[in-house]
Amino acid sequence: MSAPTIDQSSVAQERRLVTALPGPRSVELMARKQAAVAAGVGTTMPVFAARAGGGIVVDVDGNHLIDLGSGIAVTTVGSSAPRVVAAVQQQVAEFTHTCFMVTPYESYVAVAEALNRLTPGDHEKRTALFNSGAEAVENAVKIARTATGRPAVAVFDHAYHGRTNLTMAMTAKVMPYKHGFGPFASEVYRAPLSYPFRDGLDGPTAAARALDLLEKQVGADNLAALVIEPIQGEGGFIVPAPGFLPALAAWCRAHGVVFVADEVQTGFARTGDLFACEREGVVPDLVVSAKGIAGGLPLSAVTGRAELMDAAHAGGLGGTYGGNPLACAAALAAIETIEADGLVQRARDVEDLLLTRLRALQAVDPRIGDVRGRGAMVAVELVRPGGTEPDPALARAVAAAAHAEGVIVLTCGTHGNVLRFLPPLAISDALLHEAFDVVERAFAASDTTAG
Ligand code: PLZ
């Protein structure tokens, strides 16, 4: 592979504010956005990006922001990671598109081989490539239905699986994802999750509660698939109690239900394992990947047992752009980066730093009800002191204060009261510490209890 032509070190790895945020150029662009872009497409920060690399996003006014969001868990290897840049530059000059369904190309097959090798389990596997996480989730359901001949799909409270019609039905939260956009797809059933901070149940007990509901209200024989995020993303970075996922997987195996792990947000080293299911030795029948798979280019995948994946007839799966050659080149380079740079271990080191900082903060701030997460996917759930009542106003205030100081943080959670941290693994410890100094000051400055 040729040497990278853009090195992320060309983006100065420091927080530097040269204007108030947003700066004048961003204000100008925001006005153009409002006039030209549909209002339904929201933005977290009114700050326009000019370039990004390592742990920094540079805006159009020259401000350097610390990135604790990775474009929602996408740029795990860093934005414009050198190997990704080199691979995409080479591919874009060779050919941009032929459509894999018309004249196939090697890189698609190589990505499939890599995913078959890297996903949990050493059984025979196949992979199909798509564009977005939601599209891959839909295809996992298609595959499970055709393989089992059954209609129903089980999902969980707080789940997020996408914004298409089927995945809106699978997603739990109405605002902003579903409100006014129905009617939704049928045969989607929701079961209670394991949510240790709020239900206090151990994993096997929480699984028994969910499975009892599914058996009584749906019937195992009607279920094609059970779809679950091993750690919930948009729903609040909820880590289920130990034993929950293994119990669900065992029940699926016993009843011929396809166990689908939606690893769109948790996959590709993000949680300190290549896939989050590995931590408890769970081997899904189908794994859905996206986000971190291709260093920022749009690519998603369904990988799973050969007999399930091969159940769909030829021509039944696909799409014009699925496994586009630029995205495949990027994915191969991202996978090489994860393996060569030891990013799974890096995610575990980031976890140590983040949890240490956040637990220290929790020890002196009763508004931090829970600190949780794994790898570089960590969050705090904010509550009214002395109880568990969600405090979304505090989450908004802390995020806004951090944004104003040049730190990109995101919120999430059914109640909007979770502050989540998803730094790229290319970020330095020094930047992480500086970002958490800012977050600490943001907590101190945000007193929403008085109001
Ligand atoms: N499954 C677990 O996290 C995407 C969505 C942000 P797409 N999460 C970020 C937003 O407001 O749209 C996601 C996910 C899980 C599926 C998806 C969907 O992936 O690539 O956004 O379609």
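1. A word on terms first: an angle between axes counts as roughly parallel under 35 degrees, as roughly antiparallel over 145, as roughly perpendicular from 65 to 115, and as oblique otherwise. Please also keep in mind that this is a predicted model.

2. With that in hand, have a look at helix 13 (residues 392-404) and helix 14 (residues 429-445). Their axes are 8 Å apart, and the two helices pack at an angle of about 130 degrees. Helix 13 and helix 14 are therefore oblique to each other. The crossing of helix 13 past helix 14 is right-handed.

3. Helix 14 has another partner worth a look, helix 12 (residues 343-364): the axes of these two come within 11 Å and cross at roughly 25 degrees. That angle falls under 35 degrees, so helix 12 and helix 14 are roughly parallel to each other. Here, too, the crossing is described as right-handed, with helix 12 passing helix 14.

4. Now to the ligand. Which of the 14 residues around the ligand come nearest? They are Gly-133, Ala-134, Arg-163, Asp-262 and Gln-265. By class, the shell around the ligand divides into five nonpolar, four polar and five charged residues.

5. Ala-134 takes part through its backbone, with a polar atom 2.8 Å from an oxygen atom of the ligand. Asp-262 uses its side chain instead, where a polar atom lies 2.7 Å from a nitrogen atom of the ligand. For Lys-291, an N or O atom in the side chain is 3.1 Å from a ligand nitrogen atom. As for cover, the ligand on its own has 520 Å² of accessible area, and the protein covers 82% of it.

6. The backbone deserves a check as well. Most peptide bonds are trans, and most residues other than glycine have a negative phi. Against that background, the peptide bond from Leu-21 to Pro-22 is cis, with omega near -5 degrees; Pro-22 sits in the segment before helix 1 (24-36). The bond from Gly-182 to Pro-183 is cis too, with omega near 5 degrees, and Pro-183 belongs to the loop between helix 6 (165-170) and strand 6 (188-191).

7. You will find Ile-72 in helix 2 (residues 70-73).

Key
Residues numbered from 1 in each chain as written. Predicted model: local features only at pLDDT ≥ 70, side-chain atom pairs only at ≥ 80, totals over all residues. Heavy atoms only, no water. Near = heavy atom within 4 Å. Polar contact = N/O pair within 3.5 Å; in protein donor to acceptor, adjacent residues only side chain to side chain. Areas by Shrake-Rupley, 256 points an atom, 1.4 Å probe, with all protein chains shown as cover. Nonpolar A, V, L, I, M, F, W, Y, C, P; charged D, E, K, R; others polar. Axes fitted to C-alpha atoms, helices over the stretch in contact; angles between N-to-C directions. Helix = DSSP H or I, 4+ residues; strand = E, 2+ residues; numbered from the N terminus. Left-handed = near helix turned anticlockwise from the far one by under 90°.
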